[in-house]
Amino acid sequence: MTGALEVGLVAFVLACAVATALLRDVLGSIIAFGAYSLGIAVIWVFLRAPDVGLTEAAVGAGIMTVLFLLTIAKTVRPADDEVLESVDLRALAVSLALVAVLSTTLVALPAVGDPGSAVASDNVTDYYLDNAYEETEVKNAVTAVLAAYRGFDTLGEAVVVYSAGIGLLVVLDREVLG
């Protein structure tokens with residue numbers, strides 16, 4: 001069940017990426033991009049990185065979609081009726097070659113939830129589980145890791161999200177309210 005769901009999710013993300021690149025209608029392309037970002041956010045959650053998934057959903061699907069929509073509101077829509085862009089075959093070949101090269105690394109990755117993976121069997125994981133409650137005095141191990149052990153990483157992610165939010169508020173204030 002989970003395998004079929006993961007394959008379906010990857011197919012959804014790939015379809016959204018292709019639609020984003022090929023659609024001539026900018027609004028349709030922005031919607032496809034927002035769906036792509038949401039799919040990537042769900043993939044991050046499947047990979048047990050909900051903090052990264054939340055950042056992707058907030059910045060990629062939320063803030064970027066609003067900024068793109070504000071941008072097309074300021075532009076003129078083309079009058080032609082073509083739905084899809086023409087494809088540059090050389091660029092497509094280079095892209096497919098890059099995907100093929102990057103795909104060769106997939107076989108080196110452990111399966112999600114594999115008890116023999118480095119994440120599950122690493123000494124760091126055991127250390128976190130054995131000491132997180134006592135050292136951090138936090139009642140949730142995930143919160144302890146995110147807020148205490150990986151605090152600078154989490155701070156960096158929070159800075160990205162808040163910076164994007166402030167940027168969006170500045171643009172909205174300038175474009176919509178003022």
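The model is predicted: local features need pLDDT of at least 70, side-chain atom pairs count only at pLDDT 80 or more, and totals for chains, interfaces and linings use all residues. Residues are numbered from 1 along each chain as its sequence is written, and side-chain values use heavy atoms, with hydrogens and water left out. Two salt bridges and four aromatic pairs are found in the structure.

**Helix H2**

- Helices are DSSP runs of H or I with at least four residues, strands are runs of E with at least two, and both are numbered from the N terminus.
- Helix H2 takes in residues 26–46, and its 21 residues should span 30 Å at 1.5 Å a residue; the end C-alpha atoms are 30 Å apart, which agrees. The expected span is 1.5 Å times one less than the number of residues.
- Buried residues of H2 include Gly 28, Ile 30, Ala 32, Gly 34 and Ile 40. Buried means under 20% relative accessible area, exposed means over 50%, and partly exposed lies in between (1.4 Å probe, protein chains only).

**Annotated spans**

- The UniProt record, an unreviewed entry, assigns "domain: MrpA C-terminal/MbhD" to residues 12–75. UniProt positions are given in the numbering used here, feature names are shortened, and annotations may be inferred rather than shown by experiment.
- Residues 12–75 are 88% helix and 0% strand, with end C-alpha atoms 29 Å apart.
- The unreviewed UniProt entry also places "transmembrane region" at residues 29–47, 54–72 and 92–112.
- In the model, residues 29–47 are 95% helix and 0% strand, and their end C-alpha atoms lie 27 Å apart.
- Residues 54–72 are 100% helix and 0% strand, with 26 Å between the end C-alpha atoms.

**Salt bridges**

- Arg 150 forms a salt bridge with Asp 51, with the closest N and O atoms 3.6 Å apart. This pair links distant parts of the chain, 99 residues apart: Arg 150 is in the loop between H7 and helix H8 (151–177), and Asp 51 is in helix H3.
- A salt bridge here is a side-chain nitrogen of Lys or Arg within 4 Å of a carboxyl oxygen of Asp or Glu.
- Arg 150 also bridges to Asp 153, where the closest N and O atoms are 2.3 Å apart. Shared partners join Asp 51, Arg 150 and Asp 153 into one network.
- Asp 51 is buried at 15% relative accessibility, while Arg 150 is partly exposed at 32% and Asp 153 is partly exposed at 35%.

**Aromatic contacts**

- Phe 33, Tyr 36 and Phe 68 form one aromatic cluster. Rings of Phe, Tyr and Trp (its six-membered ring) pair if their centres lie within 6.5 Å; planes under 30 degrees apart count as stacked, over 60 as edge-to-face and the rest as tilted.

**Loops and surface**

- Val 87, in the loop between helix H3 (50–73) and helix H4 (89–103), is partly exposed at 43% relative accessible area.
- Val 87, Leu 89, Leu 92 and Leu 96 form a nonpolar surface patch with about 380 Å² of accessible area together. Patches are made of residues with over 30% relative accessible area and no salt bridge; like charges are joined within 9 Å, and nonpolar side chains (Val, Leu, Ile, Met, Phe, Trp, Tyr) within 5 Å. Accessible areas come from the Shrake-Rupley method with a 1.4 Å probe, and for residues only the protein chains shown count as cover.
- Glu 137 lies in the loop between helix H6 (123–136) and helix H7 (141–149), has a positive phi near 60 degrees, and is exposed at 71% relative accessibility.
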